Amino acid sequence: MGWLNKIFKGSAHKILEGHNHGKYGDDKDALSEYEKEDIDHAIALSLLEEEQKKEDVTDNGSHNYLEEDEQFARALQESLNVESPPRENGRTNLPLPFPFVTGLRICAGCNSEIHGRFLSCMGAVWHPECFCCNACKLPITDYEFSMQGNQPYHKSCYKELYHPRCDVCNQFIPTNSFGLIEYRAHPFWLQKYCPSHEHDGTPRCCSCERMEPGEAQYVSLDDGRKLCLECLDSAIMETNECHPLHLDILEFYEGLNMKVKQQIPLLLVERQALNEAMEGEKNGIHHHLPETRGLCLSEEQTVSTILRRPIFGFGNRVVEMMTEPYKLIRRCEVTAILVLYGLPRLLTGSILAHEMMHAWLRLNGYSTLRPEVEEGICQVLAHMWLDSEIFSGSGSHVASSSSSSSSSTSSKKGTRSQFERKLGDFFKHQIESDTSAAYGDGFRVGNEAVLRAGADVLESHGIGCLLNATTAFYTS
């Protein structure tokens, strides 16, 4: 009875279970028309053989065996002579040739029995119409899908919801050669962007360092710098605008028992004028940041200062800038303080507070300090001024230990916007995270001395205690 092998062989139904793959299948495997004809022919031959064997049987019990074999073959023939099964999507669902229990399939979506096609994934079986995307609620008919938690999604829906977009071009951040999503992010603002924007000329704001988004247009200053619209809102653009801030800084120093007695000119200048003035210093300035934003000058020279606020035209570009030459005369150890124009008030103030400390040190005989000591102390004063401004503009009337000296002055400005407070925190973060030896390490040593002694000690005893502490650190 070798023909039985073709019936018993059948085919195993494979179900693919995985985290993000599914596979459709039918309940049974279909037999081809050729296979049906072979089975019918084999059964007919078998029945003919059995009829011939009946004539030769003996009385030793073989007759009963042949009758059972004949009944079994006829049952198989009847099981194959059933009505042609229905077709779904070009696939035929065939009943099993032998009547045995297969077990029920219960849909994980509707909890009802499954008849016909089904989808097997996530450790369960589903009606195709019950396996739906958690976002759009439509059936998932693709062979692949995505998962978030224990919820399935169309790959397109998942990408729209969870794939990060670039904050600059607003496109999906591409994957790298390893198939991983790779992007850059600003350490403070957490602005995410495609790695390509670091090399494709995308502008950065010269103040907050954020990249220019596609839907915005930064202001172009005449020296090549870009300024975002939020920073432009509080930017100081001409020398006269800086005078009130200058008075605030002087009052801040006086509150720290460090009154600057000499009148020091404060000039707002362009980048080129700042660089030229730095080269004009005979003693040289060897420990400035990569981009100079402020200078404390000691030599007589002529500086080009901004006389009137620049006019912006088409494309947010400066179309008119009025400057005038200013002759510096040496009446003391400091001839002027220069600050780069076009920066927000808080950044301009922190630069001015830094340079004012240089001026105070020179006017009081501290002209031979180590760069780490001098620049570190200047950064401490800039940080303290920022802290006082942020605190006084927050709407609180309780003074902190580090800002009590100038809170009365700064409170005149009123409550600051949320962005301006955030901007102040960013400028503090820049000082705190600086990695240079003079500015970064110097600040951390000086700030630690202030934290140990307390701002009240600094106010009552002056800068001497801070100088002694920082100098002792570097000489020990």
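The buried residues of helix 7 (buried: under 20% relative accessible area, with a 1.4 Å probe and protein chains only) pack against strand 13 (266–269), strand 14 (294–297), strand 15 (302–312) and strand 17 (336–340). Helices (H or I, at least four residues) and strands (E, at least two) are DSSP runs, numbered from the N terminus. The model is predicted: local features need pLDDT of at least 70, side-chain atom pairs count only at pLDDT 80 or more, and totals for chains, interfaces and linings use all residues. Residues are numbered from 1 along each chain as its sequence is written, and side-chain values use heavy atoms, with hydrogens and water left out.

Helix 7 spans residues 271–279, and its buried residues are Ala-273, Leu-274 and Ala-277. They lie on the same side of helix 7 because they cover an arc of only 100° around the axis. The arc is taken from the directions from the helix axis to the C-beta atoms. Gln-272 and Glu-279, on the other side of helix 7, are exposed (over 50%; partly exposed lies in between).

Leu-274 and Ala-277 also touch Leu-338. Contact means heavy atoms within 4.5 Å.

Leu-338 belongs to the largest nonpolar core, which has 71 residues. Such a core is a set of buried Ala, Val, Leu, Ile, Met, Phe, Trp, Tyr and Cys residues joined through side-chain atoms within 4.5 Å. Among the residues with the most contacts inside it are Leu-227, Tyr-253, Ile-337 and Trp-385. Helix 8 (residues 345–363) gives the largest share of this core, ten residues. Another core, of 14 residues, lies apart from it and includes Cys-107, Phe-118, Leu-119 and Cys-157.

Gly-342 sits in the loop between strand 17 and strand 18 (343–344). Gly-342 counts as buried because its relative accessibility is 0%. Leaving aside neighbours within four places in sequence, Gly-342 contacts Leu-221, Leu-227, Ala-235, Ile-236 and Met-237.

Two packed helices are described by the angle and the distance between their axes. The axes of helix 9 (residues 371–392) and helix 12 (residues 437–453) come within 7 Å and cross at roughly 65°. Axes are lines fitted to C-alpha atoms, for helices over the stretch in contact, and angles run from 0 to 180 degrees between N-to-C directions. Residues making this contact include Gly-376 and His-383 of helix 9, and Tyr-439 and Gly-446 of helix 12.
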